[in-house]
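Colleague: Can you walk me through the pockets in this one? I'd like the sheet as well.

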Amino acid sequence: MAGRRYAPSMSSELASLAVRARAAVRTISTSSSADRNQALLVAADLLATGSAALLDANRADLDRARTDGLAEAAVDRLALDEGRIESMATGLRAIAALADPVGEVLDGWVRPNGLRVQRVRVPLGVVGIIYENRPNVTSDAAGLCLKSGNVAFLRGSSSALESNRAIVAVLREALGKAGLDDDGVLLVEDTSHETALEFMRLRGVIDCLIPRAGRQLIDLLLEHATVPYVLDGDGNCHVYVDASADLTMATEIVANAKMQRPGVCNAAESLLVHAAVAERFLPMMARALEGAELRGDAAVRAILPEAAAATVADFATEFLSPCLAVAVVDDLDAAIAHIGRFGSGHSEAIVTSDIGAADRFVREVDAAAVLVNASTRFIDGAELGLGAEVGISTQKLHARGPMGVRELTCAKWVVWGEGQVRR
C-alpha cells in the first residue's frame, strides 16, 4: 500500500481486504476477455447447481430478519428462491455474452504533426459497492465488475450476510477455476456502522463507490465519503395519465408499475391523472390496485372517498410498499411541474396517445429515464439489454441511469508518435 492513503484507524480485517483488492487490480484489469467470460459462465453454473446451499444460507438470513421484525418489503428484497437464483445465473450468462468494453476505441484522429490520438476504454480499478439486503446485487455487481475488468469490493448488510457469503464463495471459486485471481471479488463481512464509514473513506483503494441503499445510507455517504462515488438514489417514480391516454392501457401500466414488485426503486410511488379523464380512470385504477393503500388529494377523494388524505410529504415519499400517492392535475404543464417538485430523478412515465405531449414529456422531464406508454419497472439493466446493473444513477456525472459494463469504465488517452517533440 506504499504511496496509498487510507484511514489509519481502520479495522485489521478491512485493511487486509484493502491491500488484497488493490493487489488484484493488475491481474484482473489485464486479464483476457475469454478468461473473464469463462469465470462468469462457471459462476452461473455453480449458482444453478448449488442452489440448495444458497437457499439454506438465505433461510438463515430470513429467519433472523423475521425475528428482528424486518419490514415485509425488506424481507421480500432479501428472499431467494429457485427462480431468483436462476435469474442470477441467467444474468451472469447475459453479462458474459455482452461485447467486452475494455480496449474499445471511443474515437481517434491524427494531428498535423503526425501524432495519432485515441481515447480507449479501460477499467476503473476497484469498484466499491455498499448495499442493503438484496443478495442478487452481490452476483449482478460482481459479474458486471468482472466483465469490465474491475475488482468488486463488496460491503453488504448484516441482514443478508449469510447469503452474501455463500454467493461470494461461488464467485471466488469460479474465478479460480478460470485461472484468475479469486481476490477479484471480495466481501467485507464486518457490517458494523464504523466499518461502513471506513469503507467510504478508502481513498487510494476504492476508485469508484456505488451505493445501492436507502436514504439513510445515502445521507451517510454524502456526509462522510472521501472516495469518488456515483449516487444510486431514491426512486420516487411517477406515472402521468394524460387526457388522450388509452385508459385500459393506463390501468395495466399503473398496476404493473405499482404492484408487480412494490419494494424496489423502479416501482411507481405517485400517480398523476389529467382532470379530463379522472372521473373515468380513477375507479378503474382503484379496482386494478385492490389491496393497495391510496392516498389522494381533494380532487381524488371526491371521486374515491375511500382514499386517505394525501399530505405534501406523501408526494415526496418512496414508500417501497403497496401504497400510492395520487393527484389530479389540470394539464401536462402541471404534471411536469409536480414531477419537477417531488421527483427524485430516477424514472418517470407518461401514458398518452398525443405524440406532442409525449415529446414534451421526454424533453422537459429531468430524470435519468423517461418512458412513454410503458411501466417504470422496465428501468432495469437486464430489461434494457445490459445483462444486469450495478445500480441506477440519479446523478449526472459520470453515469446516469442503469449502470452496466460501459459505465464501469473510463477513458484513457493514448497517443502514438514517431519521435515528435513539442516546439
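Colleague: Which helix gives the largest share of the lining of the largest pocket?

Modeller: That's α9, with 4 residues. Helices here are DSSP runs of H or I of at least four residues, strands are runs of E of at least two, and both are numbered from the N terminus. This is a predicted model, where local features need pLDDT of at least 70, side-chain atom pairs count only at pLDDT 80 or more, and totals for chains, interfaces and linings use all residues. Residues are numbered from 1 along each chain as its sequence is written, and side-chain values use heavy atoms, with hydrogens and water left out.

Colleague: Which helices each supply at least two residues of that lining?

Modeller: α3 (51-67), α4 (72-78), α8 (193-200) and α9 (215-224). The lining of the largest pocket has 36 residues. Tyr131, Glu132, Asn133, Ala213 and Gly214 lie nearest its centre.

Colleague: What counts as a pocket or a cavity?

Modeller: Both come from a 1 Å grid over the protein atoms alone. A cavity is a set of points where a 1.4 Å probe fits but cannot get out. A pocket is an open set with protein on both sides within 12 Å along at least five of seven lines. Lining residues have an atom within 4 Å of a point.

Colleague: What volume does the largest pocket have?

Modeller: About 900 Å³. A volume is the space filled by probe spheres set on the points, which are joined across faces, edges and corners.

Colleague: And the second largest pocket? What volume, and which residues are closest to its centre?

Modeller: About 700 Å³. Of its 29 lining residues, Arg134, Asn136, Arg261, Arg377 and Asp380 are the closest to the centre. α5 gives the largest share of that lining, 5 residues.

Colleague: How many cavities of 30 Å³ or more?

Modeller: The structure holds 1. The largest cavity has a volume of about 50 Å³. Its lining includes Leu40, Gly143 and Val185. α2 (33-49), α6 and α7 (161-177) each supply at least two residues there.

Colleague: Now the sheet. What is the strand order?

Modeller: β1-β2-β16, an open sheet of 3 strands with antiparallel pairing. Two strands pair if DSSP finds at least two bridges between them. The edge strands are β1 (105-110) and β16 (409-416). The twist averages 20 degrees from one strand to the next.

Colleague: How many bridges between β2 and β16?

Modeller: 8, with β2 covering residues 116-123. Arginine 121 stands opposite alanine 411 in β16.

Conventions:
Axes are lines fitted to C-alpha atoms, for helices over the stretch in contact, and angles run from 0 to 180 degrees between N-to-C directions.
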